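This report walks through one protein chain for a reader who is new to structural description. Please keep the sequence and the 3D view at hand while reading.

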Amino acid sequence: MKARLLGTLALLLMPLVSVASPFFVKAVEAGIEDGKPALTVSLHVPQHHHLFADEITLSVGDGTGLVPLRKPVPNRMQDLDTKETVNVYEEDVSLVYPFPAAVDSTIKVKIRFRGCSDSTCFLPDTTNIVVAVPSASRIRQPDKSTSKLF
């Protein structure tokens, strides 16, 4: 009786067990976008998986959310759970955000995202990192001297 009760309890709790997310932040790089400091955030999306485009968020130390300056156009698909049409990225993706801190500084960055495989959805994932951003004069900029037109 006791064993059967424990077995039933284990079956009921089985859906609550979380599986590690296969998605991860590949890189966060400081650079220049339209003459201003920017952060490029690159996320890894495995084959047969997708990230919800509208659930990728980036916030800085004080909790201020940033809006991307540039992001790829997402694909559209039907969500397995809600049956609604959602925006997704089905391969590695990079988004560019404005950099709000002073030059020669570091900033705490919180990146949050959620995705699914073809059969399983994962809990939202959060990555916290500290990014060192050099002054604009030390950030590598494209060499315009080699792009002259003749």
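## Terms and basis

A residue is called buried if its relative accessible area is under 20%, exposed if over 50%, and partly exposed in between, as judged with a 1.4 Å probe and with protein chains only. This is a predicted model, in which local features need pLDDT of at least 70 and side-chain atom pairs count only at pLDDT 80 or more, whereas totals for chains, interfaces and linings use all residues. Residues are numbered from 1 along each chain as its sequence is written, and side-chain values use heavy atoms, with hydrogens and water left out.

## The chain as a whole

The chain has one helix and 11 strands, where helices (H or I, at least four residues) and strands (E, at least two) are DSSP runs numbered from the N terminus. Of its 150 residues, 30% count as buried.

## A residue in a loop: R114

R114 is found in the loop between β9 (105-113) and β10, and its relative accessibility of 18% means that R114 counts as buried. Its side chain is joined to that of E55 by a polar contact of 2.9 Å; such a contact is a pair of N or O atoms within 3.5 Å, of which, within protein, one must be able to donate a hydrogen and the other to accept it, while residues adjacent in sequence count only if both atoms are side-chain atoms.

When residues up to four places away in sequence are not counted, R114 touches several others, including L51, F52 and F122, contact being defined as heavy atoms within 4.5 Å.

## The aromatic pair

A search of the whole structure finds one aromatic pair. The rings of F23 and F122 have centres 6.0 Å apart and planes at 80 degrees, so the pair is edge-to-face. Rings of Phe, Tyr and Trp (its six-membered ring) pair if their centres lie within 6.5 Å, and planes under 30 degrees apart count as stacked, over 60 as edge-to-face and the rest as tilted.

F23 is buried, with a relative accessible area of 3%, and F122 is also buried, at 9%.

## The open sheet

Three strands form an open sheet in the order β1-β2-β8, with antiparallel pairing; two strands pair if DSSP finds at least two bridges between them. Because β1 and β8 (93-98) stand at the edges with a single partner strand each, one side of each is left without a neighbour in the sheet.

Nine bridges join β1 to β2 (residues 36-44), and the bridge partner of E29 in β2 is T40.
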